[in-house]
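Dear colleague,

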Amino acid sequence: MPGRPGTPAARENEGTGGGEAARLRRGLRISRALLRRDLGLEPTDDDLAAESETDAELRQFGEELDRALSGLPSGRPVEVPEDTAAFDGIVLRWVREDFAAVRTRCPESTDSYGDDYIAYIQRLQTDARTYAEAGAARVHIVSATLAAYEEFAVREGRDADNPDTRREFSRHVVRAHPDESLAWPPPRNGPCWCDSRRKYKKCCGAPARN
């Protein structure tokens with residue numbers, strides 16, 4: 001938006017037609033304003049205008065960034081060994097039918113699971129990718145029912161409400177029931193791990209979700 005006649009921004013665009021010359025002039029104005037401030041010199045009207053424009057653009061950029069990030073699944077810590085030993089990444093997925101019951105039983109899970117099953121699945125996809133990028137030898141998706149989990153907790157004498165029990169249950173399934181876990185990522189043209197009945201490349205593996 002052109003500046004008002006007589007303002008620094010208006011003078012900057014006079015005779016330049018905008019474009020690269022205008023951008024270079026603006027960059028020089030900002031650099032001079034910053035240099036004069038660092039030297040402790042009294043700011044001129046041009047200096048104040050340049051600083052004001054820069055502050056406004058930074059605020060706008062921050063607001064746009066906040067809006068963009070607000071729609072993304074929030075990150076969650078995953079267990080990654082600090083040493084260089086090989087490790088497997090295991091992601092526990094509650095089946096869709098039990099999702100509401102799990103959230104009711106474990107209220108603390110609301111923040112990490114999300115508000116609905118779609119958000120929950122997107123966060124699990126992020127967890128699996130985090131393991132892979134951290135160097136996991138294999139990444140497993142364990143699909144479980146609440147009934148199977150509670151049976152495990154009773155059999156092992158563990159507290160079902162303890163997050164450590166959920167982690168141990170996931171490891172148990174991978175070791176004792178490998179047919180109940182899936183290797184991540186699945187083939188692009190194979191069925192998605194989230195049981196959507198869609199191809200992975202058109203579901204959780206779609207570029208828009210990664």
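The notes below go from the whole chain to its sheet, then to a pair of helices, and lastly to some single residues.

Please bear in mind that this is a predicted model, in which local features need pLDDT of at least 70 and side-chain atom pairs count only at pLDDT 80 or more, while totals for chains, interfaces and linings use all residues. Residues are numbered from 1 along each chain as its sequence is written, and side-chain values use heavy atoms, with hydrogens and water left out.

The chain as a whole

The protein chain holds 8 helices and 3 strands, where helices (H or I, at least four residues) and strands (E, at least two) are DSSP runs numbered from the N terminus. Read from the N terminus, the order of the elements is α-α-α-β-α-α-α-β-α-α-β. Of the 210 residues, 32% count as buried; here buried means under 20% relative accessible area, exposed means over 50%, and partly exposed lies in between, with a 1.4 Å probe and protein chains only. The chain exposes about 13500 Å², of which carbon and sulfur atoms supply 53%, the areas coming from the Shrake-Rupley method with a 1.4 Å probe, and for residues only the protein chains shown count as cover. Among contacts between residues at least 6 apart in sequence, 54% join residues at least 24 apart, a contact being heavy atoms within 4.5 Å.

The sheet

The 3 strands form an open sheet in the order S1-S2-S3, with mixed pairing, and two strands are taken to pair if DSSP finds at least two bridges between them. Its edge strands are S1 (88–94) and S3 (181–184), each of which pairs on one side only. Neighbouring strands of this sheet are turned by 25 degrees against each other on average, direction ignored. S1 and S2 (residues 138–144) pair in the parallel sense over 7 bridges; among the partners, Gly89 is bridged to Val139 in S2 and Val91 to Ile141 in S2. Strand S2 is mostly covered, since 5 of its 7 residues are buried. Helix H6 (residues 117–133) lies across S1, S2 and S3 and runs at about 175 degrees to S1; axes are lines fitted to C-alpha atoms, for helices over the stretch in contact, and angles run from 0 to 180 degrees between N-to-C directions.

Helices H7 and H8

The axes of H7 (residues 146–156) and H8 (residues 163–176) come within 10 Å and cross at roughly 100 degrees. That angle makes H7 roughly perpendicular to H8, on a scale where angles under 35 degrees count as roughly parallel, over 145 as roughly antiparallel, 65 to 115 as roughly perpendicular and the rest as oblique. On the H7 side Ala148, Tyr149, Phe152, Ala153 and Arg155 take part, and they meet Thr165, Arg166, Glu168, Phe169 and His172 in H8. The residues of this contact divide into 5 nonpolar, 2 polar and 3 charged, where Ala, Val, Leu, Ile, Met, Phe, Trp, Tyr, Cys and Pro count as nonpolar, Asp, Glu, Lys and Arg as charged, and the others, Gly among them, as polar.

Single residues

Ser170 is found in helix H8 and is buried, with a relative accessible area of 5%. Leaving aside residues up to four places away in sequence, Ser170 touches Ile90, Leu92 and Val142. His177, in the loop between H8 and S3, is partly exposed at a relative accessible area of 33%; His177 and Val142 are 35 residues apart in sequence and 9.8 Å apart in space, C-alpha to C-alpha.

The segment after S3 contains Pro185, and the peptide bond from Trp184 to Pro185 is cis, with omega near -5 degrees. Asp195 is also placed in the segment after S3, and has a positive phi of about 65 degrees although it is not a glycine; Asp195 is exposed, with a relative accessible area of 52%. Arg197, likewise in the segment after S3, has a phi near 70 degrees, a positive value in a residue other than glycine, and counts as exposed at 84% relative accessibility.

With best wishes
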